[in-house]
Amino acid sequence: MSIQVNNITKLYGNQKALNNISFEVGSNEIVGFLGPNGAGKSTMMKILTCYIPPSEGTAKVCGFDINTQSIEVRKQIGYLPEHNPLYLDMYVKEFLEFVGGIYKIKNIKSRVKDMIEMTGLQIEQNKKIGALSKGYRQRVGLAQAIIHDPKVLIMDEPTTGLDPNQLEEIRGLIKALGKEKTVMLSTHIMQEVEAICDRVIIINKGEIVANDETKNLQKNTTKQIITVEFDKEVSEKLIQKINNIDGVKFLQGNTWLLSSTSKDDVRKDIFNFAVANNLSVLTLNKEEQKMEDVFKELTKK
Ligand code: ADP
């Protein structure tokens, strides 16, 4: 396990930002830490990077304890904090050499050159950071986070504020990094998780409300929502007899809203029901509930 979190609670005064959180992240996994604003995502990341201590509980990063071996933990971690704090008056190369110096990296110049290549900063490498666009500043942030070749990369909302092109580029970069590093990133954007994460941990008000592989979460939570209109009046009691239907709601006239969590297409069941009851189906419209709705449902409490 790259990251092991055991019963972490964090209090800010009387406010519980994290309530007894536990989870694990395996090697070379890309895990999305998802939740609405204020859920506790940044707090969890700051604890894992030893930036702030937990009030209770502990965590291990590559086997090192955040409470007792914080220097070792920091060596294992690359961190891209929220808002990507950079020295705007420094030049890109100068800044990366400065960061490399803090980590006491040998052959700094060649390592900085590699980082510039890896993060696609070549054309902007001789500019001041303050002159760069947000997308390129994110690349500088990523370069500083991986310059010491950490095993674990922790990124707090790494794509916030990027335009669609920059977004795609940075996501591509994160995915590529995830092939050889453990990546944990926080986001409140569902599509981000669907695009790059192997697994999702959804957090709400300091508590974990879901922890599953992205594909399972998509599969298990996808709901079919069907609007159906029959040619004749049908009673709710009868409608409820349609196979594989979990929810029935009357809309108007002879139109009903049905929902189902069945993995098979329930339109067949509706047709069979109609035939068996001498009804004609006038309209039938199916929608799939999206991951985004799942997120909303899990975090609306
Ligand atoms: P997220 O990253 O999910 O938006 P945060 O971890 O930043 O959430 O915040 C979780 C809760 O803790 C919020 O209610 C926030 O206001 C509160 N909080 C965060 N940092 C501090 C702090 N330094 N002092 C007091 N409250 C804080």
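**Entry 1, terms.** I take helices (H or I, at least four residues) and strands (E, at least two) as DSSP runs, numbered from the N terminus. I also note at the start that I am reading a predicted model.

I noted a volume of about 190 Å³ for the second largest pocket. The second largest pocket is lined by 15 residues, and I listed Asn37, Gly38, Ala39, Gly40 and Lys41 as those that lie nearest its centre. When I sorted the lining of the second largest pocket by class, it divided into three nonpolar, seven polar and five charged residues.

I then turned to the largest pocket, for which I have a volume of about 890 Å³. Its lining consists of 26 residues, and Arg74, Ile77, Tyr79, Tyr103 and Gln144 are the ones I found nearest the centre. At least two residues of this lining come from each of helix H1 (41-48), helix H2 (70-76), strand S6 (77-80) and helix H3 (92-102). By class I recorded 14 nonpolar, six polar and six charged residues in the lining of the largest pocket.

Next I followed H3 to its contact with H5, where the two helices pack at an angle of about 25°, with their axes 9 Å apart. Because angles under 35 degrees count as roughly parallel, I describe H3 and H5 as roughly parallel to each other. H3 passes H5 in a right-handed crossing. On the H3 side I listed Val92, Phe95, Leu96 and Val99, which meet Val140, Ala143 and Gln144 in H5. The residues of this contact of H3 with H5 divide into six nonpolar, one polar and no charged.

I stayed with H3 and looked up its packing on helix H4 (residues 108-118), which has an angle of about 120° and axes 10 Å apart. H3 and H4 are therefore oblique to each other, and their crossing is right-handed. I found Lys93, Leu96, Glu97, Gly100 and Gly101 of H3 meeting Ile108, Lys109, Val112 and Ile116 of H4. By class, this contact of H3 with H4 has four nonpolar, two polar and three charged residues.

Last, I looked at helix H5 (residues 134-146) and helix H6 (residues 164-177), which pack at an angle of about 15°, with their axes 10 Å apart. That makes H5 roughly parallel to H6, and I recorded their crossing as right-handed. In H5, the residues Lys134, Gly135, Gln138, Arg139, Leu142 and Ile146 meet Gln166, Glu169, Ile170, Leu173 and Leu177 in H6. I sorted the residues of the contact of H5 with H6 into five nonpolar, three polar and three charged.

How values were computed. Residues numbered from 1 in each chain as written. Predicted model: local features only at pLDDT ≥ 70, side-chain atom pairs only at ≥ 80, totals over all residues. Heavy atoms only, no water. Axes fitted to C-alpha atoms, helices over the stretch in contact; angles between N-to-C directions. Parallel < 35°, antiparallel > 145°, perpendicular 65-115°, else oblique. Left-handed = near helix turned anticlockwise from the far one by under 90°. Contact = heavy atoms within 4.5 Å. Nonpolar A, V, L, I, M, F, W, Y, C, P; charged D, E, K, R; others polar. 1 Å grid on protein atoms, 1.4 Å probe; cavity = no way out; pocket = protein on both sides within 12 Å on 5 of 7 lines; lining within 4 Å. Points joined across faces, edges and corners; volume = space filled by probe spheres on them.
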